[in-house]
Amino acid sequence: MRLLLVVLLLTGSFLPVYAQESTMNKSERYDSVQVPYGAFNVYTKNATVFKLDHEHVTNWEIEMQNKLQYTDQEGNAVVRLYENLDTPKFIEIGMGGPPDYRFWVAVNTPEDGYFMIHDEKKIGWTPDKLITATHSSSGGLTVSVGSKEAVSNLDVAGFTMREFTVSGMNSASDSSPVNAGALTFSIISGDPSQNPIFYMPFMVLAVTLVLIVVLLKTKKRTSEETKKISENEPS
C-alpha cells in the first residue's frame, strides 16, 4: 500500500506541472490579418497580396470570418491561398453576396489547371458561420462552413501556406463588389509531435498501467499473507 501511495502522489504532482508546461509549444506559428473591404474591390489579375509573417508548413488550419457588406448579389469575395505567387498552384475559396450566398472551392495546379471542387449556389455560407480550411500530411485538405464540410480530405500533394490574395471583380469593368466591413483571416500551424501535450495520452496510459500492476501485486501479496496466516493457525 505504501508503494501505491507513492505512485499516486507522484502522479498527482507530475501531471499538473506537465499540463502547465505543455501549453508552451514552440513549434506553433500563428498569423492573423484583418482584410479591409477595399482590398476586394480589385480585378482578379490585380488581386491584393498579403504575405504572412510565418511559413506554415503542411499541418495548418485557417479560419475566416466574413463580415463584408456586399453592394449587390453579383458581388463576390475571393480568397486564394498560395505556396508561392510565382507558381500556378493555389487553393481558391469564394463567397458570393446575398441573398444567394454562393460558396465555392477550387484548386489550380500546374498539371491539371483550374478545376472546381465544390460549388454551392444557394446558401453555401452566411456571415454568422466560420469558414475553416485545414491541411495535414495524412488528411489532405478539408474545407468547412460552420459544422458542414464542403470539401473532405482532398489530396493537393502537400501545401505550405506563405501568402494569400483577395479580389472580387471578374473584369476591370465590374462595379465594386463590397462597400464596408472586413474579413478576418487567421492561420495556425505546427508539428503536433513537438508539443508535449501530444504525449499526454501515452503518459496517462503508462501511469494507469503502473497503478494496475501495483494493485495486482498488492492484492496477490495480501492473499498470500492471509493464506499463510490461515495455514499456521492451530486447527
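This is a predicted model: local features need pLDDT of at least 70, side-chain atom pairs count only at pLDDT 80 or more; totals for chains, interfaces and linings use all residues.
- Strands here, like helices, are DSSP runs numbered from the N terminus (E, at least two residues, for strands; H or I, at least four, for helices).
- Strand 5 covers residues 76–82, and seven of its seven residues are buried, so the rest of the structure largely encloses this strand.
- Buried stands for under 20% relative accessible area, exposed for over 50%, and partly exposed for values in between (1.4 Å probe, protein chains only).
- In a regular strand, side chains alternate between the two faces of the sheet.
- On one side of strand 5 sit Asn-76, Val-78, Arg-80 and Tyr-82, on the other Ala-77, Val-79 and Leu-81, and all of them are buried, which leaves both faces covered.
- Two strands count as paired if DSSP finds at least two bridges between them.
- Strand 5 pairs with strand 6 (residues 90–96) in the antiparallel sense, over seven bridges.
- Strand 5 also runs antiparallel to strand 12, to which five bridges join it; here Val-79 has Val-166 as its bridge partner.

- Six strands form an open sheet in the order 1-14-3-9-10-11, with antiparallel pairing.
- Strand 1 (29–36) and strand 11 are the edge strands, each pairing on one side only.
- From one strand to the next, the twist averages 10°; for such angles, axes are lines fitted to C-alpha atoms (for helices over the stretch in contact), and values run from 0 to 180 degrees between N-to-C directions.
- Within this order, strand 9 (residues 131–136) and strand 10 (residues 140–145) are antiparallel partners over six bridges.
- Thr-134 has Thr-142 of strand 10 standing opposite.

**Salt bridges**

- Side chains of opposite charge can pair when their charged atoms come close.
- With a salt bridge taken as a side-chain nitrogen of Lys or Arg within 4 Å of a carboxyl oxygen of Asp or Glu, the count comes to seven salt bridges.
- One of them joins Arg-162 to Glu-55, with the closest N and O atoms 2.7 Å apart.
- Because Arg-162 lies in strand 12 (residues 160–167) and Glu-55 in strand 2 (residues 48–57), this pair ties together parts that are 107 residues apart in sequence.
- Arg-162 is partly exposed at a relative accessible area of 28%, and Glu-55 is partly exposed at 33%.
- Lys-89 and Glu-83 form a salt bridge at 3.8 Å, N to O, and both residues are buried.
- Lys-148 and Glu-120 also form a salt bridge, at 3.0 Å, N to O.
- Lys-148 belongs to strand 11 (residues 148–154) and Glu-120 to strand 8 (residues 113–120), so the pair ties together parts that are 28 residues apart in sequence.
- Lys-148 is partly exposed, with a relative accessible area of 49%.
- Arg-102, Asp-119 and Lys-121 are linked in a network of salt bridges.

**Aromatic rings**

- Seven aromatic pairs turn up in a search of the whole structure.
- Rings of Phe, Tyr and Trp (its six-membered ring) pair if their centres lie within 6.5 Å; planes under 30 degrees apart are stacked, over 60 edge-to-face, and the rest tilted.
- Trp-60 and Phe-159 make an edge-to-face pair, 6.1 Å centre to centre with 70° between the planes.
- Trp-60 lies in strand 3 (residues 60–66) and Phe-159 in the loop between strand 11 and strand 12, so the pair ties together parts that are 99 residues apart in sequence; both residues are buried.
- The rings of Tyr-101 and Trp-125 are edge-to-face, because their centres are 5.2 Å apart and their planes stand at 90°.
- Tyr-101 counts as buried at 18% relative accessibility, as does Trp-125 at 2%.
- Phe-50, Phe-164 and Phe-185 are linked by ring pairs into a cluster.
- Arg-102 lies over the face of Trp-104, at 4.2 Å from the ring centre; a charge sits over a ring if NZ of Lys or CZ of Arg is within 6 Å of the ring centre and within 35 degrees of the ring normal.

How values were computed
Residues are numbered from 1 along each chain as its sequence is written. Side-chain values use heavy atoms; hydrogens and water are left out.
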